[in-house]
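Hi there,

Here is the structure I promised to pass on to you. My notes on what turned up in it follow just below.

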Amino acid sequence: PRQMHQSRHANLSQPANGTAIREMLFVSRGQIRNGLMHHFCNVNWVIEDIDPDFVFASSSSCALFISLKFQSLHPSYLRARVLGLGCSFALRVVVCLVDDEDANISLPGVNRFAGLGDCSLVCAWSHDEAARYIEFFNESERLVEKSNESNNNDYITQLHEALTCLHGIHKIDAATLAARFGTFACILRATHRSLLSSPGLGLTKVVRLFEAFHAPLLIKSHF
């Protein structure tokens with residue numbers, strides 16, 4: 001079962017719906033005993049069966065966590081984890097806890113493995129600093145995702161308004177055209193046959209659409 005957790009001092013409410021779940025930080029079961037988990041203060045997180053250590057709110061970005069001491073004891077660990085990500089995530093981050101006095105010796109290897117998997121490397125000198133980085137990435141991805149959804153909704157609204165300006169084209173017709181063709185440009189390029197195959201659009205409406213899109217623009221002179 002999905003386990004949800006509210007961070008200490010977090011001002012976020014416990015998730016109650018799908019939207020709230022998508023805004024959370026997803027944490028791998030393998031990180032449950034990581035001391036890092038006690039340092040999250042500004043994010044709600046949920047345990048999931050995922051390959052990365054953390055998946056951010058957008059679900060297209062992730063992070064792996066490694067400490068230099070652990071990497072020194074298990075030299076092949078990070079390489080295997082990085083390669084295991086495959087092509088599943090657009091943005092990948094390796095958050096490295098610098099807890100080894102010989103960082104100048106061990107850190108280049110971590111950097112090399114991160115680059116091998118097209119990952120950005122972020123170094124932190126304490127668990128608290130590492131937690132702040134992860135919280136920052138999650139919040140940034142949440143805001144980007146929210147902005148994208150808002151822009152998409154605005155575009156659909158504008159598309160509906162543009163189509164319903166035509167005589168006889170109702171909101172249901174506009175929704176049908178938007179769902180079938182996606183963009184105004186695709187609707188403009190649509191043929192008679194493809195428009196007629198749209199549910200609810202009869203010949204009269206298709207003729208009106210086609211004439212509005214393709215008839216020459218005539219400007220009446222007032223002189």
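Predicted model: local features only at pLDDT ≥ 70, side-chain atom pairs only at ≥ 80, totals over all residues.

**The overall picture**

The protein has 223 residues, and buried ones make up 40% of them. Its secondary structure consists of nine helices and seven strands. If you take the contacts between residues at least 6 apart in sequence, 63% of them join residues at least 24 apart. The protein exposes about 13,400 Å², with carbon and sulfur atoms supplying 56% of that area.

**Salt bridges**

Searching the whole structure gives six salt bridges. One of them joins D49 to R29, with 2.6 Å between the closest N and O atoms. This pair links distant parts of the chain: D49 is in the loop between β3 and β4, R29 is in the loop between β2 and β3, and they are 20 residues apart. D49 is exposed, because its relative accessible area is 66%, where the cut-off for exposed is over 50%. R29 has a relative accessible area of 34%, so it is partly exposed.

Another salt bridge brings together the side chains of R81 and D53, at 3.0 Å from N to O. Here too distant parts of the chain are linked, 28 residues apart: R81 belongs to helix α3 (residues 77–83), while D53 is in the loop between β3 and β4. Are these two residues buried or exposed? Both R81 and D53 are buried.

The side chains of E135 and R132 meet in a salt bridge of 2.9 Å, N to O. These residues are three apart in helix α5 (residues 127–164), so about one helical turn separates them. E135 is buried, because its relative accessibility is 7%, whereas R132 at 26% is partly exposed. With D128 included, R132 and E135 are part of a network of salt bridges.

**Aromatic rings**

How many aromatic pairs does the count come to? It comes to five. In one of these, the ring centres of F40 and F54 are 6.0 Å apart and the planes are at 85°, so the pair is edge-to-face. F40 is in the loop between β2 (25–28) and β3 (44–48), and F54 is in strand β4 (residues 54–55); being 14 residues apart, they link distant parts of the chain. F40 counts as buried at 1% relative accessibility, and F54 does so at 0%.

F184 and F213 make an edge-to-face pair as well, because their planes are at 85°, with ring centres 5.7 Å apart. That pair connects helix α7 (residues 184–189), which holds F184, with helix α9 (residues 203–214), which holds F213, across 29 residues. F184 is partly exposed at 30% relative accessible area, while F213 is buried at 19%. Elsewhere, F56, F136 and F137 are linked into a cluster by ring pairs.

**Cysteines**

The disulfide count is zero. For C62, the nearest cysteine sulfur is that of C119, 6.7 Å away, and C62 is in no disulfide. C62 is buried, with 0% relative accessibility, and C41 is buried too, at 14%.

**A few local details**

H192 is in helix α8 (residues 192–196) and is partly exposed, with a relative accessible area of 36%. Leaving aside residues up to four places away in sequence, H192 touches V206 and F210. H192 and V206 are 14 residues apart in sequence, yet 6.9 Å apart from C-alpha to C-alpha.

For backbone angles, have a look at D118. Its phi is positive, about 55°, although D118 is not a glycine. D118 is in the loop between α4 (103–116) and β7 (120–124), and it is exposed at 62% relative accessibility. G182, which follows α6, also has a positive phi, near 90°. Helix α6 itself (residues 171–181) has D173, A174, T176, L177, A178 and F181 as its buried residues.

Note on methods:
Residues numbered from 1 in each chain as written. Heavy atoms only, no water. Disulfide = S-S within 2.5 Å. Buried < 20%, exposed > 50% of the residue type's maximum accessible area, 1.4 Å probe, protein only. Helix = DSSP H or I, 4+ residues; strand = E, 2+ residues; numbered from the N terminus. Contact = heavy atoms within 4.5 Å. Areas by Shrake-Rupley, 256 points an atom, 1.4 Å probe, with all protein chains shown as cover. Phe/Tyr/Trp six-rings, centres within 6.5 Å; stacked < 30°, edge-to-face > 60°. Salt bridge = Lys/Arg side-chain N within 4 Å of Asp/Glu carboxyl O.
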